[in-house]
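Have a look at the structure first, and then read on.

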Amino acid sequence: MSLISSFASAAQLYCQRRVAIIFLLGFSSALPMMLVFGVLSFWLREAEVSRAEIGYFSWVALAYSIKWLWSPLADHLALPKLHRWLGRRRSWLLLSQTLVMLAIFGMASSDPQQNLAMMAGFAVLLAFASATQDINVDAFRIESGPKEVQAALAAAYLTGYRLAMIFASAGTLWLAAVFSGGSRDYQLHGWQQAYGVMALCMLLGILATFFSKEPSSQLIQAQRSEGSPLHRFALWLQQAAVAPFIDFFQRYKWQALLILALIACYRLSDIVMGVMANAFYVDMGFSKEEVATVSKVYGVIMTLLGAALGGYLITRFGILRILLLGAILSAVTNVLFSVLSHIGHDLVWLTVVISADNLSAGIATSAFIAYLSSLVNLAFTATQYAMFSSLMLLLPKFTGGFAGVWVDMMGYSQFFIFSALLGAPAVLLILLIQKKTVFAEPVLQSASDKPAS
């Protein structure tokens, strides 16, 4: 009876309105990222853009890696008119989501064969708007409930995020094929119409923003002290940009460097490989329909299984052990891509590779989100989480820009093995952290409990 009650309680928790909102916001966060980082490389490769240029093109996603530079604005800048109407988090969400939609429509009107610079310009706008949305979705999620519901909110966010990744990649490929009349030849209008549909799908996130409730916040507000404008600006800058970083290093001392090194390395292996994944599918002769079908069916199943399994394993064995498991699995699945490069066009092997990749990604991402969330002080929600998630992407995205050059130099098989070896630093750092017992319990301080800076 207690087991039934436990399941009923869990079901009731996941049916809460705030959990559903976080699910939709997770969907809204992932959709633009895949359009600028994932499926776009398939479009560019079909348009006969070189692998080296595709690799360099991935640098537009570096916007996600430097979002901490403007993340204090989300915590401390009230948008004119919108703030009074929607509140701090929802006003920033609406602004960023609107810009995301406009940028996707801009990419839908571009022709990479005629004007690659125009496509790049809209991609940069999309990346910066999407990164701004991520800052506020992360803060919204963390502020939307006490620690007792954070696991459910993280699971809802991850489920929406991973489903959007599949939808934006497989869905865009499938739509591009449909709008191209099933032709295997490159059809510009098919890609343009597919991106137009994806732009309209951002309405889900906008509706979620409108129907959500502004979360309560423990943000430290700059006092309206008397003095010169320069003095007031200095006070704001200290509280908005400096204090969050001082707080982190005060809490973890020298161990903070070890934690930051892990964050910087954890996704190096899978992101560097991912830059060339779609170009690899094109060069192996897989059609848009084939990649879309395998991703849509097996990718979704394994993604949901991976996210659920990751959440269960975390509660059973703890975050660090599953963080280690995820790092190992992410590297091992890259070797499967190397095997596929020798096999060639084989749908069975493509299914195995994509399924394994999504399963490992679900487990690794569940553990990593839980770990990053545990490091955040709620007094600096947006700034600190943006710092961690930005650092997570900076080195992998920069390194991934050279992926096309490396493929041209060493071929796909050796490139995938090389990308697997890039996962070794993360594994070693986790083992070191476990040995030193450097682990952050969730920080749920109020503003008054914050360590003095």
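F280 and Y281 are both buried, where buried means under 20% relative accessible area, exposed means over 50%, and partly exposed lies in between (1.4 Å probe, protein chains only). To count as a pair, rings of Phe, Tyr or Trp (its six-membered ring) need centres within 6.5 Å; planes under 30 degrees apart are called stacked, over 60 edge-to-face, and the rest tilted. Ring pairs also join F280 and Y281 with F286, F337, Y412, F415 and F416 in a cluster.

Before going further, please keep in mind that this is a predicted model, where local features need pLDDT of at least 70, side-chain atom pairs count only at pLDDT 80 or more, and totals for chains, interfaces and linings use all residues. Residues are numbered from 1 along each chain as its sequence is written, and side-chain values use heavy atoms, leaving out hydrogens and water.

**More rings**

How many aromatic pairs does the rule give? The count comes to 22. One of them is the tilted pair of F27 and F167, at 5.7 Å centre to centre and 40 degrees between the planes. This pair connects distant parts of the chain, as F27 sits in helix α2 (residues 17-37) and F167 in helix α9 (residues 147-179), 140 residues apart. F27 is buried, at 11% relative accessible area, while F167 is partly exposed, at 32%.

Rings can also have a charge over them, which here means NZ of Lys or CZ of Arg within 6 Å of the ring centre and within 35 degrees of the ring normal. Here are two examples:

| Charged residue | Ring | Distance to ring centre |
|---|---|---|
| R141 | Y157 | 5.3 Å |
| R316 | F317 | 5.0 Å |

**Helices and cover**

The protein has 20 helices and zero strands; both are DSSP runs numbered from the N terminus, with helices (H or I) of at least four residues and strands (E) of at least two. Of its 453 residues, 56% count as buried. Helix α13 (residues 255-265) is mostly covered, with eight of its 11 residues buried. Among them are L258, I259 and C265.

C265 has a relative accessible area of 15%, and C201 is buried too, at 17%. How many disulfides are there? The count is zero, using the rule that two cysteine sulfur atoms must lie within 2.5 Å.

V332 belongs to helix α16 (residues 319-343) and is partly exposed, at 46% relative accessibility.

On the scale of the protein, residues 24 or more positions apart account for 83% of the contacts with a separation of 6 or more, a contact being heavy atoms within 4.5 Å.

pLDDT is the predictor's confidence in each residue, from 0 to 100. The protein's mean is 81, and 84% of its residues reach 70 or more. Where does pLDDT stay under 50? One such stretch is residues 220-225, with 16 contacts beyond four places in sequence. Another is residues 438-453, where the model has 46 such contacts. Where pLDDT is low, the predicted coordinates should not be read in detail.
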